[in-house]
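Here is a short tour for a reader meeting this structure for the first time. Start with the view below, then follow the text.

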Amino acid sequence: MLQLLTFLVEKLSLLSSLKLFEPSWLDGEDQEPPAQRGPPPPPRRGDLLEVPRTIFTHFGIYLGDNKVAHLIPDILPVLTNDKKLISSVITNKRLILGCLYKCATVRVDTLEDFAYGSNILVNRMDKMMKAQAFPNEDVAQRAEKQIGGIPYSLLWNNCEHFVTYCRYGHAASRQTEKFCECLKSIIRDQRSVIVTGLLGIISMVCFGMAASTTLPTILIPFTLWMAG
């Protein structure tokens with residue numbers, strides 16, 4: 001039992017300390033930007049911008065004139081054609097429902113709306129990407145061509161995929177890679193088999209012997225065992 005409690009504490013601490021969708025392109029280096037004297041220079045057209053959010057990092061391409069193109073989930077285009085309503089600032093409810101429905105938009109917002117009160121980092125990925133960045137004007141034009149509705153996937157087609165495609169020519173997401181690494185570490189830990197098995201037995205005791213409880217109790221631990 002002590003071993004199981006240790007396992008749960010380890011995994012919960014891993015998920016809480018790991019900003020699951022933070023890119024960490026500067027692995028092994030200080031994530032904080034160096035101190036600067038005076039205000040930072042304004043972004044240039046075609047710059048790749050990133051802002052930290054609560055559990056993820058959001059990305060966009062600066063288009064100039066205080067405008068940013070960014071891919072963001074939004075349910076509203078599915079429900080209405082009112083462009084004025086759609087162009088309003090996306091609320092968390094709209095964003096979450098857009099994720100669930102897998103509907104997103106590459107849209108243009110003001111720099112302030114994009115930042116949402118956070119500090120903006122500029123072109124930080126350039127230090128870690130193997131591919132050289134396109135000229136800034138080409139980056140901006142590639143972003144402008146993508147404006148409009150687009151299918152969304154939290155892991156395979158998110159805002160980070162959009163900006164890396166525009167700036168480097170191929171879509172990539174360190175946030176997705178970190179999530180998959182975390183998931184693999186959990187699957188490979190054989191204590192996951194014991195935990196899922198115990199949870200299955202508890203569900204069988206609480207809800208009775210039925211296909212909906214018995215099959216998961218057998219199949220999930222077995223799948224984790226084979227995968228590990």
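The buried residues of helix α4 are Arg94, Leu95 and Gly98. An α-helix has 3.6 residues a turn, so residues three or four places apart point the same way.

What covers this buried side? The cover includes β3, α2 (76-79), α3 (83-86) and β4. The face of α4 turned away from the buried side carries the exposed residues Asn92, Lys93 and Leu100.

Take Leu100. This residue sits in helix α4, which spans residues 92-101. Leu100 counts as exposed because its relative accessible area is 68%, over the 50% cut-off. Leu100 and Leu154 are 54 residues apart in sequence, yet their C-alpha atoms are 9.3 Å apart in space. Just after α4 comes Lys102, with a positive phi of about 60 degrees.

**The whole chain**

This is a predicted model. The protein chain has ten helices and six strands. It has 228 residues, and 40% of them count as buried. Among contacts with a separation of 6 or more, 69% join residues 24 or more positions apart. The chain exposes about 13,700 Å², and carbon and sulfur atoms supply 64% of that area.

Helix α6 covers residues 136-145, and its buried residues are Asn136, Val139, Ala140 and Ala143. Down the axis of α6, they fall within an arc of 95 degrees, so they line one face of the helix. They pack against β2 (57-64), β3 (67-73), β4 (103-110) and α7 (159-168).

Which residues does Ala143 touch, leaving aside its neighbours within four places in sequence? They are Ile61, Leu63, Ala69, Val106, Phe162 and Cys166.

In soluble globular proteins, nonpolar side chains tend to be buried together. Here the largest nonpolar core has 19 residues. Those with the most contacts inside it are Leu48, Ile61, Leu71, Met125, Ala143, Phe162 and Val163. At least two residues of this core come from each of β2, β3, β4, α6 and α7. Helix α7 gives the largest share, five residues. A second, separate core has seven residues, including Leu49, Val51, Phe114 and Ala115.

Thr105 lies in strand β4. Is Thr105 buried or exposed? Thr105 counts as buried because its relative accessibility is 14%, and the cut-off is under 20%. Leaving aside neighbours within four places in sequence, Thr105 is in contact with His70, Leu71, Ile72, Pro77, Gly148, Gly149 and Ile150.

**Two loop residues with positive phi**

Tyr116 is found in the loop between α5 (111-115) and β5 (121-122). Its phi is near 55 degrees, a positive value in a residue other than glycine. Asn123 is placed in the loop between β5 and α6. Phi of Asn123 is also positive, near 55 degrees, and this residue is not glycine either.

| Residue | Relative accessible area | Class |
|---|---|---|
| Leu100 | 68% | exposed |
| Tyr116 | 52% | exposed |
| Cys180 | 25% | partly exposed |
| Asn123 | 15% | buried |
| Thr105 | 14% | buried |

Cys180 lies in helix α8, residues 174-188. Cys180 and Leu155 are 25 residues apart along the chain, and their C-alpha atoms are separated by 9.0 Å.

How many aromatic pairs does a search of the whole structure find? The search finds zero. A charge does sit over one ring: Arg142 lies over the face of Tyr165, at 4.4 Å from the ring centre.

Key
Residues numbered from 1 in each chain as written. Predicted model: local features only at pLDDT ≥ 70, side-chain atom pairs only at ≥ 80, totals over all residues. Heavy atoms only, no water. Helix = DSSP H or I, 4+ residues; strand = E, 2+ residues; numbered from the N terminus. Buried < 20%, exposed > 50% of the residue type's maximum accessible area, 1.4 Å probe, protein only. Contact = heavy atoms within 4.5 Å. Areas by Shrake-Rupley, 256 points an atom, 1.4 Å probe, with all protein chains shown as cover. Phe/Tyr/Trp six-rings, centres within 6.5 Å; stacked < 30°, edge-to-face > 60°. Lys NZ or Arg CZ within 6 Å of the ring centre and 35° of its normal. Arc of directions from axis to C-beta. Core = buried A, V, L, I, M, F, W, Y, C linked by side-chain atoms within 4.5 Å.
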